[in-house]
Amino acid sequence: MQKVATALKQRAIRYLVRQARHPRGFVGWANGWMFALRPSNRQRNVWAVSLLAVQPTDRVFEIGFGPGVAIAEFAGRATQGHVFGIDHSRAMVRHAARRNAAAVRAGRVHLTHASVEQLPSFDDPLDAILVVNSVGFWPDPVERLRELRRLLRPAGRIALVSQPRCPGATRDTTARAGQELQDLLAQAGFTELRVETLDLDPPVACVLAINPTDVPS
C-alpha cells in the first residue's frame, strides 16, 4: 500500500508541475485564479513592469503573460500605445482577456495563443519586452532572445524575471538564476545589463538590458 501511495503522490506532483508549465482545462483555469491572487505574484509582476519605465505611447510585449496581471499594468501605463502578449495556454489567454476586457475592446491590448517559437508579426518595432519565469522552458533560449532583439527598436528595453519555485529555493538560488539570465542576454547581443532584486521569499531577480544601437542584429 505504501508503494501505491507513493506512486500516486509522485503522479500527482508531476501533473501539477505540468499544469504550472502549461495550464489547461478546469485545473488550468483554477491555477490562473491562484496565480493572479497570490500576493507575491502580483507584487513581482507590478514591480517588473515598473522597472521597464513604460511611456504612454510605448509598444510593449509580454511573453507568457499568465492571468494578465502585468498586461493590466502595462495597459495602465501605455495609455496611448499598444500592449501585446502571447501565452501557450488557452486557459491563461481567457483569464488575461477577461481581466483586460475593456482595453481589449478598445484595441489597446492584443492577446494571442502562441508559443515563443511562433512569435507574431508586428507592423512597427517594440519599445519594451517582459518575460517572467519562462525562459527556462524555452528551446534554444539564445536564439529566441536574438529573435526578440530583432523585434525591438534600437535602445529598446527587455526585462527577464526569475523567482525560483523549486523546493528550498534561497537567495543564492535567485542569484544563480539571475546570472544565467545575464549570460543568455549577453550571448544574444544585448548590452547595458543590470540586475535588480525584489526581497520576497524567495527573492526575485530582474535582469534588464538594452538593444544596442550600433551592433547589427
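Guide: S40 is buried, with a relative accessible area of 18%; buried means under 20%, exposed over 50% and partly exposed in between, using a 1.4 Å probe and protein chains only. This is a predicted model in which local features need pLDDT of at least 70 and side-chain atom pairs count only at pLDDT 80 or more, while totals for chains, interfaces and linings use all residues. Residues are numbered from 1 along each chain as its sequence is written, and side-chain values use heavy atoms, with hydrogens and water left out.

S40 sits in helix α3; helices (H or I, at least four residues) and strands (E, at least two) are DSSP runs numbered from the N terminus. Leaving aside residues up to four places away in sequence, S40 touches R165 and L200, where contact means heavy atoms within 4.5 Å. With R165 there is also a polar contact, side chain to side chain, at 3.5 Å. Such a contact is a pair of N or O atoms within 3.5 Å; within protein, one must be able to donate a hydrogen and the other to accept it, and residues adjacent in sequence count only if both atoms are side-chain atoms.

Helix α3 (residues 39-51) lies across β4 (126-132), β5, β6 and β7, and runs at about 150° to β6. Axes are lines fitted to C-alpha atoms, for helices over the stretch in contact, and angles run from 0 to 180 degrees between N-to-C directions. These strands belong to an open sheet of 7 strands with mixed pairing, in the order β3-β2-β1-β4-β5-β7-β6; two strands pair if DSSP finds at least two bridges between them. β3 (109-113) and β6 (191-198) are the edges, each with a single partner strand, so one side of each has no neighbour in the sheet.

Inside the sheet, β5 (residues 152-162) is antiparallel to β7 (residues 204-210) over 6 bridges, and V161 has C206 as its bridge partner in β7. β4 and β5 run parallel, joined by 6 bridges; V131 is bridged to L160 of β5. Of the 11 residues of β5, 8 are buried, so the strand is largely enclosed by the rest of the structure. A155, in β5, is partly exposed at 31% relative accessible area and has a positive phi near 70°.

V161 is also one of the residues that touch the most other members in the largest nonpolar core, which has 28 residues. A nonpolar core is a set of buried Ala, Val, Leu, Ile, Met, Phe, Trp, Tyr and Cys residues joined through side-chain atoms within 4.5 Å. Among the elements giving two or more residues to this core are α3, β4, β5 and β7, while α4 gives the most, with 4 residues. Apart from this core lies another of 26 residues, including F84 and L181.

The loop between β6 and β7 contains P202, and the D201 to P202 peptide bond is cis, with omega near -5°. Most peptide bonds are trans.
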